[in-house]
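Please look through the sequence and the structure shown here before reading on.

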Amino acid sequence: SLEFAINLTYQRFSLLWSVRGLLDHQEIQMNFQIQISRINESNVIWTGNYITTVKSKESVHWSWESELPLECATHFVRIRSQVDDAQFPELRSWSKWTSWKEIRVLKPLSPGQTFSLFPKDNLVEAGSNMTVCYVSRSHGSEIACFLETEEIHEEEALTPHVTVFTLRNVSFLRPTGTNMHCRQKSTNELKGGLVIYVSKILEDPKNFSCETQDLKTLNCTWDPVAVTAPVNLHPSKRVQPPESYALYESFSQETRVCEHNTWCTWQVAEDSQDEYNFTLRLQNIFRERSVNLAFNLTHRVHPRPPFNFFLESVNSTNARVSWKVYPLRKPSTLLCRVECLQDEHVMEQQVNVSIGMQGEYLLSGLEPDTQYLARVCCAYGNHLWKWSDWVGQRFTTLDVAPS
Amino acid sequence: GCSRDYQLLLGQLQHQANIMQSTGMLLDPYLHIQGWYDSKLKKECKEQPKDFLSERSLMGLSRQAFLQTLNASLGLILDKLAAYLQTYHVNMDRTWTQPKVEQAWKNLAQAERFLRGFRNNIFCLAQLLRDSAETAMPTQASERRSTPPLDHFELRLKDCQLLQGYHHFMHSVGQVLDRWKEGRGRRRRHSPRLRR
């Protein structure tokens, strides 16, 4: 027997059937031919084959998406089968067709309602075509429909009570959707309307980059993708979620779903390799985009700024600076740059100091009674990727004691 | 805190009610956001009598019942505004909007702040009246009649009609407050249930 379920959000119906006569634990490949008719059984609109392995006592599941809203027309479906298995070459003849199964959305119009447009609150991708239809208790000829402010002329009377429109190359207008409505021609009375949510076509994520502060956690970032999530002012009414992001790493073959739409973190395993090959996957219900990035972890270290920056033994010409740095997972040295600036004039005294956990440096040759800004930043010594932010402090050298 | 100056509070309420009569405060930004402002659909935003009490009905209420009705109506609109603004904040970082629509969102956010101030003045005046011997009325919960699920178009139509009605209701509120100013408002009467 053929069972079905209707999903109006996706305008899809699912079929479920079982095959009799299989022995226990037997598996057999079969080819099912499926026919779909619309409005009446003789009006076949689609025929297709579905080849699958059937197991005893297991149902076969198959679904079909209708371009015409299911509320607007009754559909009929039947199937027949054929063994398509090398084990049983002799059983290749087609079975008889099942009887037609009627698939109807009950009561598209609620009591007292004389007109309704479908599909309700649909989400489509910009540039796609879309079929809209209305069901009207009175004959359809006296109705005029508008997409935003433009009257729609390309219509087809499917039945005396059902009229169909094909909206071509639907474009994105605004996050709150495109408005369609219909009026009675004679009275200009509003009969009903629709909101069509249009999502821009997903683009590839740009400026995908990853770096680490400590060789323990990777922080990947990318530019926000200009995707328009449908802004539905009625949160109680769900519109499909916009898009999702995930990071896939090919060496470890692990995937991590990202909660944010411009960044994601990845925990580096203790004994893991240094080489990484990431794929950022961006997906919505229409399509998937991805971008790749391969790198050596140690080539992507962007240290945190130093801390505990102190100035000591400041006299008229010298000053000693000291600072600490956050440890990295692997024993390594940081390259630090010390600068000494005087007002806008960059009196640079730069030196690279390789240090472990603590750094210090003597600034010399300074002018007496003069204000300076001393600052330091560090980078990963093994492979310079980015300097950390600066940390520093203003100080004034002592005046020269009168001789 | 609340002012204890009856005339001052009354004057502020009148001023706020007058400002709220303008569709530029709520309905127009809403229509811009929904894409109905430049469409024939704007004409469909006709107020529905069931949404708010008429001026005549308001005139017949005691002061306490009037303030309570006004408070409940503001609450309804504030709930709607909060829901709209919440969806904006959720989608703001990945939503592309035109400048006009961006301004409309700001106007709605401003209207919400304005209504909170309005509602605070109502509370203060009601408290003042209570202190001057009028008995307090319990807040009437608006009846929630179950209706068949509406699709987004129907919700938009219903909301714009509600906002249209609300601006007209503010006109009626202004008229009542004018009469209070002239000292001709009603002092005590049995208060009818909030019609919804």
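The model is predicted, and everything said about it here is computed from its atoms. Chain B has 196 residues, of which 47% count as buried.

The axes of α2(B) and α5(B), the latter covering residues 99-131, come within 8 Å and cross at roughly 140°. Angles over 145 degrees count as roughly antiparallel, and those from 65 to 115 as roughly perpendicular, so α2(B) and α5(B) are oblique to each other. In passing α5(B), α2(B) makes a left-handed crossing. With α6(B) the axis of α2(B) makes an angle of roughly 165°, and the two axes come within 9 Å; α2(B) and α6(B) are therefore roughly antiparallel to each other. The crossing of α2(B) and α6(B) is left-handed.

From the helices the reader can turn to the charged side chains. How many salt bridges does a search of the whole structure find? Over all chains, the search finds 21 salt bridges. One of them joins the side chains of E67(A) and R38(A), with a distance of 3.0 Å from N to O. This pair links distant parts of the chain, since E67(A) lies in the loop between β5 (59-65) and β6 (75-83) of chain A, while R38(A) belongs to strand β3 (residues 27-38) of chain A, 29 residues apart. Are these two residues buried or exposed, or something in between? E67(A) is partly exposed, with a relative accessible area of 47%, whereas R38(A), with a relative accessible area of 8%, is buried.

In chain B, a salt bridge connects D159(B) with K80(B), and their closest N and O atoms are 3.0 Å apart. Here too the pair links distant parts of the chain, with D159(B) in helix α6 (residues 152-181) of chain B and K80(B) in helix α4 (residues 63-91) of chain B, 79 residues apart. D159(B) counts as buried because its relative accessibility is 2%, and K80(B) counts as partly exposed at 23% relative accessibility.

Another salt bridge of chain B is formed by E44(B) and K46(B), whose closest N and O atoms are 3.7 Å apart. E44(B) counts as buried at 11% relative accessibility, while K46(B), at 48% relative accessibility, counts as partly exposed. These two residues also belong to a network of salt bridges in which R183(A), E44(B) and K46(B) are linked.

The aromatic side chains give a further set of contacts. A pair of aromatic rings is described by the distance of the centres and the angle of the planes. Over all chains, a search of the whole structure finds 19 aromatic pairs. In one of these pairs, the rings of W17(A) and F32(A) have their centres 5.1 Å apart and their planes at 70°, so the pair is edge-to-face. W17(A) in strand β2 (residues 12-18) of chain A and F32(A) in strand β3 of chain A are 15 residues apart, and the pair links distant parts of the chain. Both ends can be followed in terms of burial: W17(A) is buried, with a relative accessible area of 4%, and F32(A) counts as buried at 2% relative accessibility.

In chain B, F52(B) and F169(B) form an aromatic pair that is stacked, with 5.0 Å centre to centre and 25° between the planes. This pair links distant parts of the chain, for F52(B) lies in the loop between α2 (27-34) and α3 (55-59) of chain B and F169(B) in helix α6 of chain B, 117 residues apart. Both F52(B) and F169(B) are buried.

Back in chain A, F13(A), W46(A), W62(A) and W64(A) form one aromatic cluster. Rings can also have a charged group over their faces, and R281(A) lies over the face of Y248(A), at 4.7 Å from the ring centre. R337(A) lies over the face of W387(A), at 4.8 Å from the ring centre.

Key: Residues numbered from 1 in each chain as written. Chains lettered and ligands numbered in written order. Predicted model: local features only at pLDDT ≥ 70, side-chain atom pairs only at ≥ 80, totals over all residues. Heavy atoms only, no water. Salt bridge = Lys/Arg side-chain N within 4 Å of Asp/Glu carboxyl O. Helix = DSSP H or I, 4+ residues; strand = E, 2+ residues; numbered from the N terminus. Buried < 20%, exposed > 50% of the residue type's maximum accessible area, 1.4 Å probe, protein only. Phe/Tyr/Trp six-rings, centres within 6.5 Å; stacked < 30°, edge-to-face > 60°. Lys NZ or Arg CZ within 6 Å of the ring centre and 35° of its normal. Axes fitted to C-alpha atoms, helices over the stretch in contact; angles between N-to-C directions. Parallel < 35°, antiparallel > 145°, perpendicular 65-115°, else oblique. Left-handed = near helix turned anticlockwise from the far one by under 90°.
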